[in-house]
Amino acid sequence: MQQLLRLYQEYTGNTPANMQQLEGAGSNRAYYRLWAADGSSMIGVIGTSRDENHAFVYLSRHFTSKQLPVPQILAVSNDELRYLQTDLGATSLFGALHGGREAGGRYNVQEKKLLVNTIRQLPNMQIRGAEGLDFSQCYPQPEFDRNSVLFDLNYFKYCFLKATELDFHELKLEANFHLFAKELTSENSNAFLYRDFQARNVMLDAKGNPYFIDFQGGRKGPFYYDVASFLWQASAKYPNKLRRELVLEYYEALKNYTEVPSVRHFVDRLSQFVLFRTLQVLGAYGFRGYFEQKKHFIQSIPPAIQNLRELLKLNCFPYPYMMEMLQRLTELPQFAQIEQPAQNRSDGYKTTDSNVYQAHPQDGPATFSKYDGKGPLVVKVFSFSFRKGIPEDESGNGGGYVFDCRSTHNPGRYEPYKQLTGLDEPVIRFLEDDGEILTFLDSIYKLADAHVRRYIQRGFTSLMFCFGCTGGQHRSVYSAQHLAEHLHQKFGIEVHIEHREQGIRQILEADTKA
């Protein structure tokens with residue numbers, strides 16, 4: 001402690017007017033808030049590992065040079081066991097989301113905005129942060145590789161699995177571990193893998209902007225890991241629907257920094273890392289909870305087991321013995337009473353008795369209707385030619401939207417496209433390279449998302465979107481198809497597509513896991 005105070009005095013020329021030790025988490029580092037006489041403050045850190053401190057100091061300085069949102073290093077002791085950094089305040093993202101967690105995962109608009117801002121900032125850290133970074137400075141190793149995967153899987157085995165006293169065949173499990181490790185490391189990546197990216201490691205300034213801390217365990221690796229770490233944080237209680245929305249926000253933000261894989265490939269890879277991260281954190285919870293008896297980690301085990309239980313329902317992992325063993329793990333008596341997520345709300349959010357999110361009387365009667373609660377919602381999307389009239393609403397509700405695509409550039413004016421439709425690749429490339437249709441649809445997506453979300457909440461059963469153009473062949477077909485796929489992917493609802501003038505009908509079935 002005296003050496004930390006000496007470092008503060010050397011840096012500021014004064015002794016601190018006051019100091020307070022901050023609550024620690026899972027590391028052996030000790031944090032102190034040090035105040036000057038004028039009320040300003042900085043954070044002093046005492047670490048037991050020179051190499052770990054060195055990695056954090058190097059990474060922080062590198063990220064600061066990239067103008068990334070991290071604490072700045074102010075001073076470092078000669079032995080690198082102590083350092084001073086800027087004070088980012090006392091509000092963590094985890095703390096700011098307290099209301100949504102206590103409400104069982106019903107996050108309000110402001111809380112969702114904080115999550116969106118954070119997840120969209122992550123690829124900036126991962127991709128730009130990796131530019132010019134000397135990964136040899138990382139601790140304890142420079143890269144996410146097969147050995148590090150096997151280390152974490154065995155951490156799970158010895159610190160959690162064996163502590164449950166579940167019977168399992170160790171050689172069969174080890175063989176599946178090696179297959180799993182091979183799959184996780186099958187793609188090269190030059191991104192910065194944060195490794196412990198979670199809401200507790202995100203600080204918020206007065207405007208709610210995110211700043212990232214505790215990245216000293218980072219290394220080169222796949223960006224999927226951090227998305228899994230953040231959105232499947234056991235204690236966060238993010239509903240699956242909210243997770244899907246945030247995954248899409250991340251995917252769209254990632255496009256600003258690097259070439260991205262297809263959505264299907266991205267989701268398939270992400271699911272592998274969600275499983276891996278779930279096992280990795282169970283290992284940490286077992287060690288910190290069962291062996292070190294730290295209350296927070298013991299309390300985190302039930303929601304982590306619930307995450308694992310939901311993953312097993314996907315039935316998409318090619319590791320038969322490991323999956324059978326994990327299934328038996330979730331069925332152990334000590335985990336049998338873990339609360340199951342409520343399924344009685346069509347929006348995917350868990351109900352709660354808390355009055356934090358009760359409706360306000362000023363919401364008015366417009367939030368209630370005799371049609372509420374019927375569900376589930378089916379959306380119909382049409383393309384058509386204005387010359388042949390707007391499609392009729394057969395549901396009898398008379399609700400929905402008609403959009404005029406004729407303000408956008410028409411590929412039908414050009415000979416190569418006259419025999420094609422908005423479903424054909426050359427027309428799609430023409431429209432997207434031109435860009436007008438993308439701007440047009442961007443506004444429609446926002447409107448449609450809000451409308452569909454509210455209809456789902458109220459249990460309405462039918463909504464209709466129509467896109468018209470001159471011939472019902474190019475622009476309207478492209479727009480209708482893309483809105484339909486967007487709504488199906490985002491909300492998991494049943495969507496009927498009809499390209500009327502082309503005689504094409506398609507049904508996108510509801511996602512029963514949504």
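**View 1. The largest nonpolar core of the predicted model.** This core holds 93 residues. Leu-275, Met-322, Leu-326 and Leu-329 have the most contacts inside it. Helix α10, residues 263-291, supplies the largest share, 10 residues. A nonpolar core here is a set of buried Ala, Val, Leu, Ile, Met, Phe, Trp, Tyr and Cys residues joined through side-chain atoms within 4.5 Å. Helices (DSSP H or I, at least four residues) and strands (E, at least two) are numbered from the N terminus. The model is predicted: local features need pLDDT of at least 70, side-chain atom pairs count only at pLDDT 80 or more, and totals for chains, interfaces and linings use all residues. Residues are numbered from 1 along each chain as its sequence is written, and side-chain values use heavy atoms, with hydrogens and water left out.

**View 2. The surroundings of Met-322.** Neighbours within four places in sequence are left aside. Met-322 is then in contact (heavy atoms within 4.5 Å) with Leu-173, Asn-176, Phe-177, Phe-180, Leu-275 and Leu-279. Leu-275 is, like Met-322, among the residues with the most contacts inside the core.

**View 3. Asp-449 in helix α14.** Asp-449 is found in helix α14, which covers residues 436-458. Is Asp-449 buried or exposed? Asp-449 is buried, at a relative accessible area of 7%. The classes are buried under 20%, exposed over 50% and partly exposed in between (1.4 Å probe, protein chains only). Beyond four places in sequence, Asp-449 is in contact with His-486, Leu-487, Lys-490 and Phe-491.

**View 4. Ser-443 in helix α14.** Ser-443 also has its place in helix α14. Ser-443 is partly exposed, with a relative accessible area of 49%. Ser-443 and Leu-242 are 201 residues apart in sequence. In space they are 21 Å apart, C-alpha to C-alpha.

**View 5. The protein chain as a setting for the close-ups.** The chain has 15 helices and 14 strands. Its radius of gyration, taken over C-alpha atoms, is 26 Å. The C-alpha atoms fill a box of roughly 85 × 55 × 55 Å along the principal axes. Buried residues make up 49% of the 514 residues.

Key
Rg over C-alpha atoms; globule rule 2.2 N^0.38 Å.
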